[in-house]
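Morning, everyone. I have one structure to walk through, so please bring it up on your screens.

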Amino acid sequence: MMKSKYILLFLLVSILIMGCGRSYNEEQKQSAKERLKLYKEDSLALKVAVLPTLDCLPMLVAREYNLFDSLGTDVRLKNYTAQMDCDTALSRGRVEVAITDLIRAERLIRQGTNITYLTATNTYWQFFSNRIARLKELKQLDDKMIAMSRYSATDYLAKRAMDSVKIKHDKVFFIQINNVNIRLNMLINNEMDAMLLTEPQATVARIARNPILMDSRKLNINFGVIAFRTKAIKDSRRKRQLQIFIKAYNQACDSINKNGLKHYRKLVCKYYHVSETVVDSIPMIKYKHVNYPRQIDINIAKKWK
């Protein structure tokens, strides 16, 4: 009798184990199938690398308000916090489109990445000094630390600023801080002497009363661009996606210009991790329809290495 109970118990446990095994295997197959489906969907979508900077706002508006979907295409924004990461994603084919600047883009081209400019953006950079350090003029930056990203617009502008006051580059410590949010925090936390910032990080720095030593707009330089992998237009599906992307982008620009940034306050707070006070303090920005970068700006970027 006791032996029979053990046999019965063994059979029940065996059945239970076999059942669990089948369930686990089925879950694994289902999971793999789901991953494959998601991978295919992602590979077919138009992928765009974006940063937490306001030059990307039209793309965020187009996604949040379903402009891409309503026009019949799947556009997926890939979020990065460093411009270098956007460029790497573009050069390695992880995305088809990316936000960047002409200095970095021209370097990518020299390194063999075949890209085409889709549009210039309204990006500008302001050169801030640390208010605690009491640096109020560019000439005071001798032997100071300046945060920037190498081979980028911030690199170019920082060195041009030093040239304007005849400070040799080797007399300044150019510190590579690629993450735009970390760079800002280093200024706010008194860990860096100076840096270049675009919006909305520039507004945060202004609210914190950090002095502005230079503004790229006064130099008549427009380096901000959106670029795409050139081979994308050779594929009919990608070409159509880009055409729809442009249409949605233009519609988003019109909406922002008509309603103002305050209308999108919650969206900006959500994706840029800033307060409503910051959003309300951002200067009025005019967003232009897709337009090719100025040749004068491209030429400056081509010559600078």
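One term before we start: buried means under 20% relative accessible area, exposed means over 50%, and partly exposed is in between, with a 1.4 Å probe and protein chains only. Take N250. At 15% relative accessibility, N250 counts as buried. N250 sits in helix 9, residues 236–259. What does N250 touch, once its neighbours within four places in sequence are left aside? N250 is in contact with H289 and V290. Contact here means heavy atoms within 4.5 Å.

Now the ground rules. This is a predicted model, where local features need pLDDT of at least 70 and side-chain atom pairs count only at pLDDT 80 or more, while totals for chains, interfaces and linings use all residues. Residues are numbered from 1 along each chain as its sequence is written, and side-chain values use heavy atoms, with hydrogens and water left out.

Next, the overall picture. The protein chain has twelve helices and ten strands. Those are DSSP runs, numbered from the N terminus: helices are H or I with at least four residues, strands are E with at least two. Of the 305 residues, 45% count as buried. Take the contacts between residues at least 6 apart in sequence: 80% of them join residues at least 24 apart.

On to the sheets. Two strands pair if DSSP finds at least two bridges between them. Strands of a sheet pair through backbone hydrogen bonds, either parallel or antiparallel.

For angles, axes are lines fitted to C-alpha atoms, for helices over the stretch in contact, and values run from 0 to 180 degrees between N-to-C directions.

Look at strand 10, residues 224–229. Five bridges join strand 4 to strand 10, and the two run antiparallel. T116 stands opposite F228 there. Strand 3, residues 97–101, is also joined to strand 10 by five bridges, again antiparallel. A98 has A227 as its bridge partner. Strand 4, residues 115–120, is mostly covered, with five of its six residues buried.

Five strands, order 7-6-8-5-9, mixed pairing. Strand 7 (173–176) and strand 9 (212–215) are the edges, each pairing on one side only. The twist averages 25° from one strand to the next. Strand 5, residues 126–129, runs antiparallel to strand 8, residues 194–197, with four bridges between them. F128 stands opposite M195 in strand 8. Helix 7, residues 180–188, lies across strand 5, strand 6 and strand 8, at about 140° to strand 8.

Next, a helix pair. How do helix 5 and helix 12 cross? The axes of helix 5 (102–110) and helix 12 (295–303) come within 8 Å and cross at roughly 60°. That makes helix 5 oblique to helix 12. The cut-offs: under 35 degrees is roughly parallel, over 145 roughly antiparallel, 65 to 115 roughly perpendicular, and the rest oblique. On the helix 5 side, L102, I103, E106 and R110 meet D297, I298, A301 and K302 of helix 12.

Then helix 2. Six of the eight residues of helix 2 are buried, so this helix is largely enclosed by the rest of the structure. The buried ones are L57, P58, M59, L60, V61 and A62.

N66 has a positive phi of about 60° although it is not a glycine. N66 is in the loop between helix 2 and helix 3, and is partly exposed at 42% relative accessible area. R209 also has a positive phi, about 65°, and is not a glycine either. R209 lies between helix 8 and strand 9, and is exposed at 60%. Finally, a cis peptide bond joins E199 and P200, with omega about 5°. P200 is in the loop between strand 8 and helix 8.

That's my tour. Thanks.
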